[in-house]
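I opened this one with my notebook beside me. Here is what I looked up, entry by entry.

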Amino acid sequence: MSEIVYRLIATDPDMIIPREIAASAADFLKEQLHAEKSVYVIADAPMFVDCGTALRSIQCPHCHKPLPFHWWVEQMGRCSDSDFAERNVFFPCCKKDGLLEEIDYVDPCGVSRVVFEVHGAQNCPDSETLNTLRFLLNCDLRVIRAVY
């Protein structure tokens, strides 16, 4: 049986949230989603946050054409060499510049320094829960449903 982990990340990859507020948010998520466990990570640098085996495709945010997997691997390697401080990419399909975090992942993935992980949730994050978290954290959030 697959395990589903809900990951909530700040949409601004460089956003930092004070640890006391992050701890309160993790407790709130555990309670609201009736979860077994809710943890948070605040990293020194942005990191790629994946959706596990749910990833179906990677698309250009400009022209929405599929991006070659080998191109994506090269970009991830180049960006990780700078601890994701450098995230500029050149999209080969439409010849436009952009950022790594703008890539359209189907299912969603992202880049962030702050990650909340919810394990064993009985509910998925709803709009009311997300709006409360946005207010508490003072940032916009992306939900990543990771399957393992």
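**Sheet, hairpin and cysteines**

I began with Arg 7, which stands opposite Ile 144 in S8. Strand S1 (residues 4-10) pairs with S8 in the antiparallel sense over seven bridges. I take strands as DSSP runs of E with at least two residues and helices as runs of H or I with at least four, numbered from the N terminus; two strands pair if DSSP finds at least two bridges between them.

A note on the source: this is a predicted model, where local features need pLDDT of at least 70, side-chain atom pairs count only at pLDDT 80 or more, and totals for chains, interfaces and linings use all residues. Residues are numbered from 1 along each chain as its sequence is written, and side-chain values use heavy atoms, leaving out hydrogens and water.

Next I traced the open sheet: four strands in the order S2-S7-S1-S8, with antiparallel pairing. S2 (37-49) and S8 (141-147) each have a single partner strand, so one side of each is left without a neighbour in the sheet.

Then I turned to the hairpin of S4 and S5, where four residues lie between the strands and Lys 95 takes a positive phi near 60°. In S5, Asp 97 is the bridge partner of Phe 90.

How many disulfides does the structure hold? I found zero, taking a disulfide as a pair of cysteine sulfur atoms within 2.5 Å. The sulfur of Cys 93 is 3.5 Å from the closest cysteine sulfur, in Cys 63, which is too far for a bond. Cys 63 is partly exposed at 27% relative accessible area (buried is under 20%, exposed over 50%, partly exposed in between, with a 1.4 Å probe and protein chains only). Cys 93 also counts as partly exposed, at 28%.
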